[in-house]
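Here is a briefing on a structure, grouped by topic. Please read it alongside the sequence and the 3D view.

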Amino acid sequence: MIEVESLTKRYGEFEAVRDVSFEVEKGEILGFLGPNGAGKTTTLRILTCFMGPTSGRASIAGFDVVEESMQVRSRIGYLPEQVPLYREMTPRALLHFYGKLRGMNKPDRVERIDEVARTTAIDDVLDKAIGKLSKGYRQRVGLAQAMLHDPEVLILDEPTVGLDPRQIADTRSVIKELAGDHTVILSTHILPEVSMTCERVAIISEGRIVAKDTPDALVNSMAKHERTFVRVRGDGSLERILEPVAGVSAVKVDRTAGGEGRGFIVESEVGSDPRPRIAETVVGSDLDLLELRPLAMSLEEIFVELTTVEEGVEA
Amino acid sequence: MRVFVIAGRELKALFLSPIAYIVLALYFGIMGLVWLIVTAQQVQVEYRLMAHELHVFALFFIPAISMRALADERRTRTLELLVTQPVRDWEIVVGKWLACMGLYVVMLLGSLQFWAHLHVWSEGSMDDLPVLSAYLGLVLVGMMYLAIGTFFSSITENQVVAALLTFTVIVAFYFVRALGSVGTGELQDILMQVSTTYHFDEFARGIVDTGHIVYFALGTFLFLFMSVRTLESRSWG
């Protein structure tokens, strides 16, 4: 549905986006994840035909964003970053305005405005001036605008910024419900958002895509080592006992672990799974084994790893 | 028509902001004063005298009408949402310009009251046709000045900058004929042909000539075209 091929955008000397390629299948939600200034907004602005790429190409539903921009624009709904809306208008008038620009007739507009207002929970502010609405309401008016014409593709730039936790949860469920019939690209710098709403994730850092996969696969493939949490009681040194065990590469004290005894994180080579040997060794020593469980690497850790490694390369 | 959807929204926005009211109040206030002064000095008011004054007023008021057209969309970043709708850039530019024309025409219609006064005072001896041609000239010169204003509004996000640049350029178009008096022959002729005053004065004298209409139409087209190109430039790699 969305194809991006070695897209590059240069502002003078500065490369905001370099050689970015990815695809989004029909009905899929892609999370576009990256720290601020990584090139997320620039990429989305090229996809929505707001600006042209320096090189590379992108197409939506088979239409090129540069050559067939009108066809592309009529098929997408866009929520720009920071949701710029006409402050003097009411949400109802605003939605009628964009509906008219998209060629919707009056009965259609009335019906759709009613629908999207209910979905985004803005029905009680439809006739207040947008400038007087809270950030959370404005954000949802923007989302309603993007959904108004029931577009095939939705491009949402930081859709949950500025919302309270309850609104965030509501917005995420609205976005999740869009999947299947709609193709969605959602940019965010918030990690849980991706694992909660997206089927696939592309991580962008300094203008480059550094990883793309499902959130789970990313966690599995990116893990450089497996980790096991071990809790013991007793005074002996766990480090000394476990270091000779096959597969174990490091033993670290886990200071965040409260409760009884002492907590440790044992790192081991991928695929070695030394858990039975760890158990045996600890039980055979003078320490009491209280707990032993595998730790999964979180998306957050992968994100930090990927984006910091990248910075290191550049330096 | 998307042009009219955009023009309609813009016109409503003008009237929802204080700008339209300040412009209208100042325009009618100052015009009324000038009218008082003119009628106190002369018993027989020639209507075309008022036409010149209305042209001068346009120099001051047009920058205030057109300054927000695109500059405000840039400043508030609503332009991003507008240009990503399935709307052509020329439709946005022409829509904005039409909305400005709407407010300008409201001002002109208000000034018709002076004609009405004159008409009544002259007890039917007044020739109304020059008034009509003068108003045609005012509409045409307004079209061109507002196109200039739309252009300068498209290159900046600062409304004050847009208004000042517009004022500078339209005043230049107004005065360039006077510059011609220092030159001779061909130069004088060129400066005269470029100036808006030369073409406008013919209308004020009651002469409707296709050549003058073409001048204003071309000027309007040129500046609207430049505005469209400015808007398009965002997508040049």
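In β4(A), A:S59 is the bridge partner of A:E3. The model is predicted: local features need pLDDT of at least 70, side-chain atom pairs count only at pLDDT 80 or more, and totals for chains, interfaces and linings use all residues. Residues are numbered from 1 along each chain as its sequence is written, while chains are lettered from A and ligands numbered from 1 in the order in which they are written.

- β1(A) and β4(A) pair in the antiparallel sense, over five bridges; strands count as paired if DSSP finds at least two bridges between them.
- Helices here are DSSP runs of H or I with at least four residues, and strands are runs of E with at least two, numbered from the N terminus.
- The sheet is open and holds four strands in the order β2-β1-β4-β5, with antiparallel pairing.
- β2 and β5 (63–64) of chain A each have a single partner strand, so these edge strands are left with one side lacking a neighbour in the sheet.
- Strand β1 (residues 2–11) of chain A joins strand β2 (residues 14–24) of chain A through seven bridges, in the antiparallel sense.
- Across that pairing, A:L7 has A:V20 in β2(A) as its bridge partner, and A:V4 stands opposite A:F22.
- The hairpin of β1(A) and β2(A) has two residues between the strands, and A:G12 takes a positive phi near 60° there.
- Strand β4 (residues 55–60) of chain A and β5(A) share two bridges, again antiparallel.
- A:S59 faces A:D64 in β5(A).

**Sheet β12-β13-β11-β14 of chain A**

- Four strands make up this open sheet, in the order β12-β13-β11-β14, and the pairing is antiparallel.
- The edges are β12 (248–253) and β14 (288–295) of chain A; each has a single partner strand, so one side of each has no neighbour in the sheet.
- From one strand to the next, the twist averages 25°.
- Axes are lines fitted to C-alpha atoms, for helices over the stretch in contact, and angles run from 0 to 180 degrees between N-to-C directions.
- β12(A) and strand β13 (residues 262–269) of chain A pair in the antiparallel sense over five bridges.
- A:V248 has A:S268 in β13(A) as its bridge partner.
- Helix α10 (residues 275–284) of chain A lies across β11 (225–233), β13 and β14 of chain A, and runs at about 165° to β14(A).

**Helix packing in chain B**

- Helix α6 (residues 89–121) of chain B packs against helix α7 (residues 129–154) of chain B at about 150°, with the axes 10 Å apart.
- The crossing of α6(B) and α7(B) is right-handed; that term applies if the near helix is turned clockwise from the far one by less than a right angle, and left-handed if anticlockwise.
- Residues in this contact include B:W97, B:Y104 and B:W115 of α6(B) and B:Y135, B:L138 and B:L146 of α7(B); contact requires C-beta atoms, placed from the backbone, to lie within 7 Å.
- The contact of α6(B) with α7(B) has 14 nonpolar residues, three polar and one charged.
- Ala, Val, Leu, Ile, Met, Phe, Trp, Tyr, Cys and Pro count as nonpolar, Asp, Glu, Lys and Arg as charged, and the others, Gly among them, as polar.
- Helix α8 (residues 159–179) of chain B meets helix α10 (residues 196–204) of chain B at an angle of about 90°, with axes 7 Å apart.
- The contact of α8(B) with α10(B) uses B:F173, B:Y174 and B:R177 of α8(B) and B:T196, B:T197 and B:Y198 of α10(B).
- Those residues divide into three nonpolar, two polar and one charged.

**Interface between the chains**

- Chain B places 20 residues in contact with 22 residues of chain A.
- On the chain B side, α1 (2–16) and α5 (78–83) each supply at least two residues.
- The largest share of that side, five residues, comes from α1(B).
- The chain B side divides into eight nonpolar, seven polar and five charged residues.

**Confidence**

- The model scores ipTM 0.89 and pTM 0.83.
- Chain B has a mean pLDDT of 88, and 95% of its residues reach 70 or more; pLDDT is the predictor's confidence in each residue, from 0 to 100.
- Within chain B, confidence is lowest in helix α9 (residues 185–194), at a mean of 82, and highest in helix α11 (residues 210–232), at 95.

Technical notes: Two residues are in contact if their C-beta atoms, placed from the backbone, lie within 7 Å.
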